[in-house]
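Here is a short briefing on contacts between protein chains, between helices and with DNA. Look over the model before reading on.

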Protein chains: 2
Amino acid sequence: MAMTEETPTPTDFLKRVEFRETALLSFVTSAIIEPAYEQVQREFGIIRAEYMLLLCLSHYPILSARDVSILTGRPKNSISRAVHRMLALGHIARARSASDGRQDHLSITPSGREMHAKIMSTVLSHQEVTLISLTADERRTLISLLDKVTCQAVGAGT
Amino acid sequence: MAMTEETPTPTDFLKRVEFRETALLSFVTSAIIEPAYEQVQREFGIIRAEYMLLLCLSHYPILSARDVSILTGRPKNSISRAVHRMLALGHIARARSASDGRQDHLSITPSGREMHAKIMSTVLSHQEVTLISLTADERRTLISLLDKVTCQAVGAGT
DNA sequence: GTCATTTAGTTCCGCGTGGAACTTATTCTC
DNA sequence: GAGAATAAGTTCCACGCGGAACTAAATGAC
């Protein structure tokens, strides 16, 4: 009856919000990451902290749990859980540091690399679908802007 | 002893990751949102879904819970919980729709507007601190790029 | 060398989250 | 108009998350 149902759209909403940059950043980030990690969890049974661990170790040969925590910004208990599960699945290896009995030397195994490759391509494909409307030039611009922000943000945090 | 401790930095890590746009977007978004909502929760006792509800209602006079769910992309049970708490705190009002007995007509109250104003300024200040290194021009560029992405993304989703 | 302090990693616990099933109301079909 | 299908909102439950307290190891002070 009352067909004057003007249900507002997310796009319209994003234009009204007081902190537009934040809203847009959050929206785009979620549009990539949420479906990507949902798929990764469904298909590979790997949760986010676990993948971030694999991701870190695929780029640095040896890291401690603390390093991973710093690199990813996740709390160390999350990393600790991830380490245990990835150890159990054989995706990483762990050895006590000889020089410091507190630290662990973590490294990725071949099966971990395989898993990383699969997950990476999943995330990449979601990224490409979401950012498809940007030209190569625009993507470079986006990266350089975000880069500028992160360099300053990290510097200020220290 | 082994002072060759080259603990890698998040900034360096961001340059190596295979999906750089996603990593940067996620990093910047988190840098704004996480501390902002942590502060909001600590100071005002309002959690994220609750604030998103207030935010929606501060921009549209009447919405149903379903509308809020669509606008924010959050599942309807999260919105439902938020509605109950905001009702209890007097930040929103609810009335059954006359035309459709299933829907609720939600609206924000003066106290809800006050709360929204406080939270908004908190989020805004975190946004400004994080994006401080961008010029006005660069911010416009960033917005337009993200805008382009969201318009296309929403269109494709429909 | 001994004791206090700091640090890496783990365990514990409470909470926000979201999928799924459920209830109630509306709409569609015949 | 009766029954099926859809839709709005709620409740239930399992899970990932992160702060806080804890253990073990190393470092600093004296």
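Helices (H or I, at least four residues) and strands (E, at least two) are DSSP runs, numbered from the N terminus. This is a predicted model: local features need pLDDT of at least 70, side-chain atom pairs count only at pLDDT 80 or more, and totals for chains, interfaces and linings use all residues. Residues are numbered from 1 along each chain as its sequence is written, while chains are lettered from A and ligands numbered from 1 in the order in which they are written.

**DNA strand D**
- The surface near DNA strand D takes its largest share from α5(B), with four residues.
- At least two residues each come from α3 and α5 of chain A and from α4 and α5 (76-88) of chain B.
- By class, this surface has five nonpolar, seven polar and eight charged residues. Ala, Val, Leu, Ile, Met, Phe, Trp, Tyr, Cys and Pro count as nonpolar, Asp, Glu, Lys and Arg as charged, and the others, Gly among them, as polar.

**Chain B against chain A**
- 58 residues of chain B are in contact with 58 residues of chain A (C-beta atoms, placed from the backbone, within 7 Å).
- α7(B) gives the most to the chain B side, with 15 residues.
- That side divides into 33 nonpolar, 16 polar and nine charged residues.

Methods: Contact = placed C-beta atoms within 7 Å.
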